[in-house]
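Let's take a friendly look at charged side chains and how they pair up. Have the model open beside you as you read.

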Amino acid sequence: MTIPRRHTHPPPLNCLPRATVDTAYTPTIDAVLKQLKSSTRRLQAALASHRTELQVLERLYYKGKNQHRTALFWQRVAEMRKYGERVDEMHIDDVVESLRLAFWGDPSSRTTKLLKGPWTHCPDARVLLFVMERCSACCMLIDRARERLLHAYESFTLMMQSGAFLQLMLALAAIASRLSILLSEVRGALEVAWSAAFRVLQTTFPAYVGKVRQLVKALPLETPPAPGPSRTHSKSKTPPADPGPGEFVDEDLGSSLARPPTSLAPEENVVDTFDADATALSLSDEQPQPPDSMSFSLSNELAQPIEQSRVPSPAIKPPEEISAPAMPSAPKRKKTDGESSKPAKKKKKKRDEIDDIFGF
């Protein structure tokens, strides 16, 4: 088993004229060309965004290399950069595009007007096998890169919990997530291109089908949970069910207070009356009978439920019959003989002539 390489020289292009191809294979080749065209567009768009993310990662790596090169999380950054460059160096979009253009003959004879018309040639088996091998090798590299990106993302989210270099960790985690999504899109387009090349090989050159190595299936990768401290304090593993529309959830008082259930005696009748302005609770029952014996037991007293107050509440009149009661006037207190409302005035002495002389 040969190890797939990133750089491999393509075989010389040998094309067969369309006249040598059976006309029964024409619809199959037409459908294959449509698949190759859509696959090429998907690859070009995804890899263009992939290169943009690599440029951002390259600037972050250049800025923080001297400061963080001894840190453990920086090794994850170096792995992201390495695998990203390897995927980009394969130029797999150009490989798929070259297979599509091979149906129009030699590159020297291609023109824009010729490419707008129907296909004129069919590539030979070596070209088809080369493109399938390149697609398979790129899929293996993408699977390995996505696996390392997942480990890098987990490392960054753990680093976030310490709070150190939080902005840098957020940027690196976002780049790792974005690169993984883009590589998943690239792999999906490569699977379409591989299947299209296999159909052409199976149709025109069935003798070479035994030499084809099957495409490696994508490994299922779990998406890591979003970082953040857990805010649930409940010890139960099953979360509480959400209340439906129109339902009300009572407050959870916990199990710290174990109250015995209060049961009313059969002779007690509880009547609830609700009016627009007031709610009354009237209880009518008989006084409890004295116990037969005078023995006292603390456990028996604690076992008995706490009864509600037996004071009968006054009946409430309807709102239309309720009238504001007149404020009673306080009775007047009779005054005693020694009390007087006003102090007694002093009697003036009669002035005589002697007082006038001396000025009294």
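## Glu79 and its partner

Glu79 counts as partly exposed, at 23% relative accessibility; here buried means under 20% relative accessible area, exposed over 50%, and partly exposed in between, with a 1.4 Å probe and protein chains only. Glu79 pairs with Arg148 in a salt bridge whose closest N and O atoms are 3.3 Å apart. Because Glu79 sits in helix H2 and Arg148 in helix H5 (residues 125-160), this contact ties together parts that are 69 residues apart in sequence. Arg148 is buried, at 16% relative accessibility.

A salt bridge here is a side-chain nitrogen of Lys or Arg within 4 Å of a carboxyl oxygen of Asp or Glu. Helices are DSSP runs (H or I, at least four residues), numbered from the N terminus.

## Model and numbering

This is a predicted model: local features need pLDDT of at least 70, side-chain atom pairs count only at pLDDT 80 or more, and totals for chains, interfaces and linings use all residues. Residues are numbered from 1 along each chain as its sequence is written, and side-chain values use heavy atoms, with hydrogens and water left out.

The structure holds 13 salt bridges. One of them joins the side chains of Arg51 and Asp88 (2.6 Å, N to O). Arg51 belongs to helix H1 (residues 26-68) and Asp88 to helix H2 (residues 73-90), so the pair links parts 37 residues apart in sequence. Arg51, Asp88 and Asp93 are linked in a network of salt bridges.

## A pair within one helix

Glu97 and Arg100 also form a salt bridge, with 3.0 Å between the closest N and O atoms. These two residues are 3 apart in helix H3 (residues 92-101), about one helical turn.
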